[in-house]
Amino acid sequence: MSNILNLKTPNACNWCPGCGNFGIWTAFKAAAEKENWNNTNTAIVAGIGCHGHINNFIELTSFEGLHGRAIPIASGIKMANNALNVVVFTGDGDCLAEGGNHFIHAARRNQDLTVILHDNAVYGLTTGQTSPRSPHGYKSKSTPMGNLDEPINPLSAALAAGATFVARAYSGDIPRLTELMIKASKHKGFAVLQILQPCVSFNKIYTHIFFQENTYHLDKKHDTTNKEMAFAKLQEWGEKHIPVGIFYENTTQPSYEEQLPQIKTAPLVSVGAQKRNINELLESYA
Ligand code: SF4
């Protein structure tokens, strides 16, 4: 039986027809099949938002955290068992507003996590309020006169904080998205994959057509080891001018986990920590 069938759950998908989440889900299952991600080697964590439903549609060990708290939960899982491939699904609101602090500090530590950022530039689950990614002037029920804030650039922020793999994809380009998910997952360190994902119900600006007409692929002239070039490319956003692909990749910087002597030779779960009596441990602090 293929891994995709193994990953199937009995739950019916409840995203709106045409939602970009379908592309992300499909690409992730294709990546899982290619790489044989399963319950013995992979754990997934989601935050709160439409993206978070993905946990219900993939049969892998999963955890859905409080709003904005997917990254710290994933950090804990990785610390307990650093042999696992730990993937975080998070939305632009979840990751960049409620969870902004966690995002920056996990990047700074270069924790070995893959962050899949579902960026639809609205709060879709709560019916389309303005998010940290909504454009200036964006009108929604939370900003009826137009958004006064400028949108945050999540990849520039991640890169400035210390992320060592920074990439962007469009949810409708499933082959490239699959490939980038695999690369991000294989990267040893903090990998952020921003996925431009239409919310067909509430965001009438960032539609499938908008992304199909305005994205272009970074070519071989772009040096992914050059951080300054990455920052420059990340400033681009506009008509026919939204780059997708890998902006930056640093394979020489050790991850946070690689620097911890306690887990250097074996994951914490395999060295007896789980056998410790929790009451004795608590009493030792009394
Ligand atoms: Fe997708 Fe938007 Fe519908 Fe949520 S509200 S399922 S993000 S289309």
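Author: In this predicted model, helix α2 is built from 15 residues and spans 21 Å between its first and last C-alpha, close to the 21 Å expected at 1.5 Å a residue. The helix covers residues 21–35. Directly after α2 comes Asn-36, which has a positive phi, near 55°.

The packing partner to look at is α7. Two packed helices are described by the angle between their axes and the distance between those axes. Here the axes of α2 and α7 (residues 174–186) come within 8 Å, with a crossing angle of roughly 55°. An angle of that size makes α2 oblique to α7. The crossing of α2 past α7 is right-handed.

On the α2 side, the residues that meet α7 are Gly-23, Ile-24, Thr-26, Ala-27, Phe-28, Ala-30, Ala-31, Lys-34 and Glu-35. On the α7 side they are Ile-174, Leu-177, Thr-178, Met-181, Ile-182 and Lys-186. By type, the residues of this contact are nine nonpolar, three polar and three charged. As a general point on spacing, an α-helix has 3.6 residues a turn, so residues three or four places apart point the same way.

Burial can be set beside the contact list. Within α2, the buried residues are Asn-21, Gly-23, Ile-24, Trp-25, Ala-27, Phe-28, Lys-29, Ala-31 and Ala-32. Gly-23, Ile-24, Ala-27, Phe-28 and Ala-31 are buried and also take part in the contact with α7. Lys-29 is among the buried residues of α2 too.

Asn-110, not a glycine, has a positive phi of about 55°. Asn-110 lies in the loop that joins α5 (100–109) to β4 (114–119), and its relative accessible area of 1% makes it buried. Thr-127 is another residue other than glycine with a positive phi, near 80°. Its place is the loop between β5 (122–123) and β6, and at 33% relative accessible area Thr-127 is partly exposed.

His-136 sits in the loop between β6 (129–130) and α6 (154–161). With 47% relative accessibility, His-136 counts as partly exposed. Apart from its neighbours within four places in sequence, His-136 contacts Asn-147, Leu-148, Asp-149, Glu-150 and Pro-151. The C-alpha of His-136 is 51 Å from that of Ile-278, a residue 142 places away along the chain.

Methods. Residues are numbered from 1 along each chain as its sequence is written. This is a predicted model: local features need pLDDT of at least 70, side-chain atom pairs count only at pLDDT 80 or more; totals for chains, interfaces and linings use all residues. Side-chain values use heavy atoms; hydrogens and water are left out. Axes are lines fitted to C-alpha atoms, for helices over the stretch in contact, and angles run from 0 to 180 degrees between N-to-C directions. Helices (H or I, at least four residues) and strands (E, at least two) are DSSP runs, numbered from the N terminus. Angles under 35 degrees count as roughly parallel, over 145 as roughly antiparallel, 65 to 115 as roughly perpendicular and the rest as oblique. A crossing is left-handed if the near helix is turned anticlockwise from the far one by less than a right angle, and right-handed if clockwise. Contact means heavy atoms within 4.5 Å. Ala, Val, Leu, Ile, Met, Phe, Trp, Tyr, Cys and Pro count as nonpolar, Asp, Glu, Lys and Arg as charged, and the others, Gly among them, as polar. The expected span of a helix is 1.5 Å times one less than its number of residues. Buried means under 20% relative accessible area, exposed over 50%, partly exposed in between (1.4 Å probe, protein chains only).
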